[in-house]
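Hi everyone, thanks for making time this morning. Have a look at the structure first.

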Amino acid sequence: MEQYKELLTQAKAAMAYAYTPYSNFNVGAAVLTKSGKVYTGCNIENAAYGATNCAERTALFKAVSEGEKEISAIAVVSSSGEFTYPCGICRQVISEFMKEGNLIFENNEGEIKVIPLSDIYPYSFTKENLISD
Ligand code: THU
């Protein structure tokens, strides 16, 4: 749990860099790699709204682009103060790089939720599904 609290602290720090002129909804994420490194990310919006990148994918893509392809946990917080869960696209992207692991959330009351990926995203689409015969 101490490691998860530290991950939440880093996610909160990353939220300060959110670029959200359109929604004013700031999100911060921090991924823990299997090798023990932490990569953080924030959401980055765009005037062409569809080009927006969520905080979870920012953090994950930073890790993968530095050679870290195995993730064991991801912490997510937002400026809403409520538990903020990843969108469908982020769940799919997380599942690509986290075979088993936990998603960590905190609200403004300081309550923490730890949810296994298999609970939040069962029946994911995987590379095994691409094999057709
Ligand atoms: N957003 C995230 O960054 N992560 C989530 O888990 C939910 C949504 C961002 C995308 C957009 O910048 C803003 O929150 C509102 O949808």
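Let's start with alanine 73: buried or exposed? Its relative accessibility is 0%, so alanine 73 counts as buried. Before I go further, please keep in mind that this is a predicted model. Alanine 73 sits in strand β3, which covers residues 71-78. Which residues does alanine 73 touch, leaving out those up to four places away in sequence? They are Tyr4, Leu7, Ala30, Val31, Leu32, Met98 and Asn102.

Now let me zoom out to the whole chain. You can count four helices and five strands, and from the N terminus the order reads α-β-β-α-β-α-β-β-α. For 133 residues, a compact globule would have a radius of gyration near 14 Å, and the chain agrees because its own value is 14 Å. Along the principal axes, the C-alpha atoms fill a box of roughly 45 × 40 × 25 Å. Buried residues account for 41% of the 133. Looking at contacts with a separation of 6 or more, 61% come from residues 24 or more positions apart. The accessible surface is about 7,500 Å², and carbon and sulfur atoms contribute 52% of that.

What surrounds it? The shell consists of Ser23, Phe25, Val27, Asn43, Glu45, Thr52, Cys54, Ala55, Glu56, Tyr85, Pro86 and Cys87. Sorted by class, that gives seven nonpolar, three polar and two charged residues.

The side chain of asparagine 43 places an N or O atom 2.9 Å from an oxygen atom of the ligand. As for cover, the ligand on its own has 370 Å² of accessible area, and the protein covers 78% of that.

Next, a serine in a helix. Serine 95 belongs to α3, residues 88-97, and counts as buried because its relative accessible area is 8%. A polar atom of the serine 95 side chain lies 2.8 Å from the backbone oxygen of glutamine 92. Beyond four places in sequence, serine 95 touches Leu117, Tyr121 and Ser124.

Last topic: backbone angles. Most residues other than glycine have a negative phi. Asparagine 24 has a positive one, near 55°. You'll find asparagine 24 in the loop between α1 (2-15) and β1 (27-33), and at 60% relative accessibility it counts as exposed. Where does tyrosine 123 lie? Tyrosine 123 is in the segment after α4 (117-120). Its phi is positive too, near 55°, and with 83% relative accessibility tyrosine 123 counts as exposed.

That's my tour, and I'm happy to take questions.

How values were computed
Residues numbered from 1 in each chain as written. Predicted model: local features only at pLDDT ≥ 70, side-chain atom pairs only at ≥ 80, totals over all residues. Heavy atoms only, no water. Near = heavy atom within 4 Å. Polar contact = N/O pair within 3.5 Å; in protein donor to acceptor, adjacent residues only side chain to side chain. Areas by Shrake-Rupley, 256 points an atom, 1.4 Å probe, with all protein chains shown as cover. Nonpolar A, V, L, I, M, F, W, Y, C, P; charged D, E, K, R; others polar. Helix = DSSP H or I, 4+ residues; strand = E, 2+ residues; numbered from the N terminus. Buried < 20%, exposed > 50% of the residue type's maximum accessible area, 1.4 Å probe, protein only. Contact = heavy atoms within 4.5 Å. Rg over C-alpha atoms; globule rule 2.2 N^0.38 Å.
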